[in-house]
Amino acid sequence: MKTKNNIRETVNDQFGRLVLRGSAVIFSLALASLAVGAESAELEKTLEIEPWMTDAAFFTSTVDFTAIEAEEILFVEVWMINDAYFSHSMAAESAELEKTLEIEPWMTDAAYFTPAVDFSAIEAEEILSVEDWMINDTYFSHSMGAESAELEKTLEIEPWMTDAAYFTPAVDFSAIEAEEILSVEDWMINDAYFSHSLVAESIELE
């Protein structure tokens, strides 16, 4: 009996849940349809054809372009070919005002064009010759070189230059033993010392 009651309760619960879900879906669809209807109504209101849209007076120009007269044809007038209105007379006046170029006296006077120095009268340069002072040692630096040579000390061999203690290294490299030859030891070829076990453990953990 208890099992039957339990089955009935579960069936009733499921049926109630289905009814609630169905009613919620229906309610949401009703709200959506109302919203769509309201939007369509607003759009119809905004898209209504008003009277002025079909009135030709709003789209017809008030100016009759066909009635505009053609532009007047230009003709040559008298003043356009009269020289008095242009600058020919001014050019003639300026030509009369310019003086005629004439040869003035200074233009033919050689004193204005002859150089003050007569380069043809310059004597030839004197030939250079060896003078006495050029071969006199007193005018040159030989004495100064001799003095500096005398002042320099003669280099001598000092005791430390022949002392072997100053040139012998502190380490006797010949006494260093030869490096031991490396050989293969047992642990180098023993797999237990390498990562095989670690790899196996990581595989098991994955």
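These questions and answers cover a predicted model of one chain.

User: What average pLDDT does the chain have?
Analyst: This is a predicted model, so confidence comes first. Of the residues, 68% score at least 70. The chain's average pLDDT is 75.

User: Which helix has the lowest mean pLDDT among the elements of the chain?
Analyst: Helix α1, residues 2-46, has the highest mean, at 74. Where pLDDT is low, the predicted coordinates should not be read in detail. The lowest mean, 58, belongs to residues 196-205, which form helix α4.

User: How many helices and strands does the chain have?
Analyst: From the N terminus on, the elements run α-α-α-α. The count is four helices and zero strands.

User: What percentage of the residues count as buried?
Analyst: Buried means under 20% relative accessible area. The chain has 206 residues. It exposes about 21,900 Å², and carbon and sulfur atoms supply 62% of that area. The share of residues that count as buried is 0%.

User: Is Y85 buried or exposed?
Analyst: Y85 sits in the loop between α1 and α2. The cut-off for exposed is over 50% relative accessible area. Because its relative accessibility is 57%, Y85 counts as exposed.

User: What accessible area do the residues of the nonpolar surface patch have together?
Analyst: Y85 is one of the patch residues.

User: Which residues form the negative surface patch?
Analyst: E125 is one of them, and it lies in the loop between α2 (88-97) and α3 (142-151).

User: Does E125 count as buried or exposed?
Analyst: Exposed means over 50% relative accessible area. E125 has 74% relative accessibility, so E125 counts as exposed.

Conventions:
Residues are numbered from 1 along each chain as its sequence is written. This is a predicted model: local features need pLDDT of at least 70, side-chain atom pairs count only at pLDDT 80 or more; totals for chains, interfaces and linings use all residues. Side-chain values use heavy atoms; hydrogens and water are left out. pLDDT is the predictor's confidence in each residue, from 0 to 100. Helices (H or I, at least four residues) and strands (E, at least two) are DSSP runs, numbered from the N terminus. Patches are made of residues with over 30% relative accessible area and no salt bridge: like charges are joined within 9 Å, nonpolar side chains (Val, Leu, Ile, Met, Phe, Trp, Tyr) within 5 Å. Accessible areas come from the Shrake-Rupley method with a 1.4 Å probe; for residues, only the protein chains shown count as cover. A salt bridge is a side-chain nitrogen of Lys or Arg within 4 Å of a carboxyl oxygen of Asp or Glu. Lys and Arg count as positive and Asp and Glu as negative; His and the chain ends are not counted. The place of a charge is taken as NZ of Lys, CZ of Arg, CG of Asp or CD of Glu. Buried means under 20% relative accessible area, exposed over 50%, partly exposed in between (1.4 Å probe, protein chains only).
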